[in-house]
Amino acid sequence: MRARTAITALLAATIALSLAGCFGLPEPDEFAGQAQELADTLSDVDWGKVCRLVVRDAQTGEVIREVTDQTEIKNAFEPFSDENGIAAEPDEPAEYVFELWEPETQKLGQNADDLKEYKGLEVTTYEGSPVVELEVSPIGLRLYLTSQSAADALRALAG
């Protein structure tokens with residue numbers, strides 16, 4: 001699966017959570033199964049299609065590191081497959097921003113040399129917090145998950 005599948009799962013989970021009160025849907029604590037599906041989707045991303053991961057300081061925007069090793073990127077995101085805790089936005093200041101870049105899909109008649117990269121997913125860690133923010137960059141959708149192991153794995157990339 002590609003990162004677009006992860007984006008779709010994030011969108012579905014967020015819409016379901018935001019509409020729970022409006023349409024008599026189950027309360028947020030009953031969405032644990034959906035959050036697990038989201039985690040499963042992230043674990044099934046085809047990491048061979050990811051171009052690079054850019055690590056930035058959240059306060060300054062400075063690029064700390066750029067990772068192109070697909071195994072290293074996959075290993076940093078692997079802890080998400082074991083987590084399903086949806087959380088509220090943390091009070092702590094943002095620490096690192098991780099931008100996941102991938103190639104656009106080649107369209108009929110489009111030259112492969114004309115393909116560009118786009119930022120499909122942005123993940124933010126917060127100082128001293130297990131909460132991680134996932135943002136589907138093209139549509140600005142945000143979801144917060146609690147995952148100490150995921151936060152630690154991402155922080156390790158920052159060095």
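Guide: Helices here are DSSP runs of H or I with at least four residues, and strands are runs of E with at least two, numbered from the N terminus. In this predicted model, the chain has 4 helices and 7 strands on that basis, and along the sequence they follow the pattern α-α-β-β-α-β-β-β-β-β-α.

Visitor: What makes the contact between R65 and E72 a salt bridge?

Guide: The term asks for a side-chain nitrogen of Lys or Arg within 4 Å of a carboxyl oxygen of Asp or Glu. The side chains of R65 and E72 meet at 2.7 Å, N to O, and therefore the pair falls within the 4 Å limit. It belongs to a structure that holds 10 salt bridges.

Visitor: Why is R65 called partly exposed?

Guide: Buried means under 20% relative accessible area and exposed means over 50%, with partly exposed in between. R65 has a relative accessible area of 28%, so it is partly exposed, and E72, also with 28%, is partly exposed because its value lies in that range.

Visitor: Where in the chain do E95 and R155 lie?

Guide: E95 and R155 form a salt bridge whose closest N and O atoms are 2.6 Å apart. The pair links distant parts of the chain, since E95 is in strand 4 (residues 94-103) and R155 is in helix 4 (residues 148-158), 60 residues apart. Both E95 and R155 are buried.

Visitor: Which residues gather in the patch of negative charge on the surface, and why does E89 count as exposed?

Guide: The patch of negative charge is formed by E89, D91, E92 and E127. E89 is found in the loop between strand 3 (85-86) and strand 4, and its relative accessibility is 54%, which is over 50%, so E89 counts as exposed.

Visitor: How much of the chain is buried?

Guide: Buried residues make up 40% of the 159 residues in the chain, while its accessible surface comes to about 8,100 Å², of which 50% belongs to carbon and sulfur atoms.

Notes:
Residues are numbered from 1 along each chain as its sequence is written. This is a predicted model: local features need pLDDT of at least 70, side-chain atom pairs count only at pLDDT 80 or more; totals for chains, interfaces and linings use all residues. Side-chain values use heavy atoms; hydrogens and water are left out. Buried means under 20% relative accessible area, exposed over 50%, partly exposed in between (1.4 Å probe, protein chains only). Patches are made of residues with over 30% relative accessible area and no salt bridge: like charges are joined within 9 Å, nonpolar side chains (Val, Leu, Ile, Met, Phe, Trp, Tyr) within 5 Å. Accessible areas come from the Shrake-Rupley method with a 1.4 Å probe; for residues, only the protein chains shown count as cover. Lys and Arg count as positive and Asp and Glu as negative; His and the chain ends are not counted. The place of a charge is taken as NZ of Lys, CZ of Arg, CG of Asp or CD of Glu.
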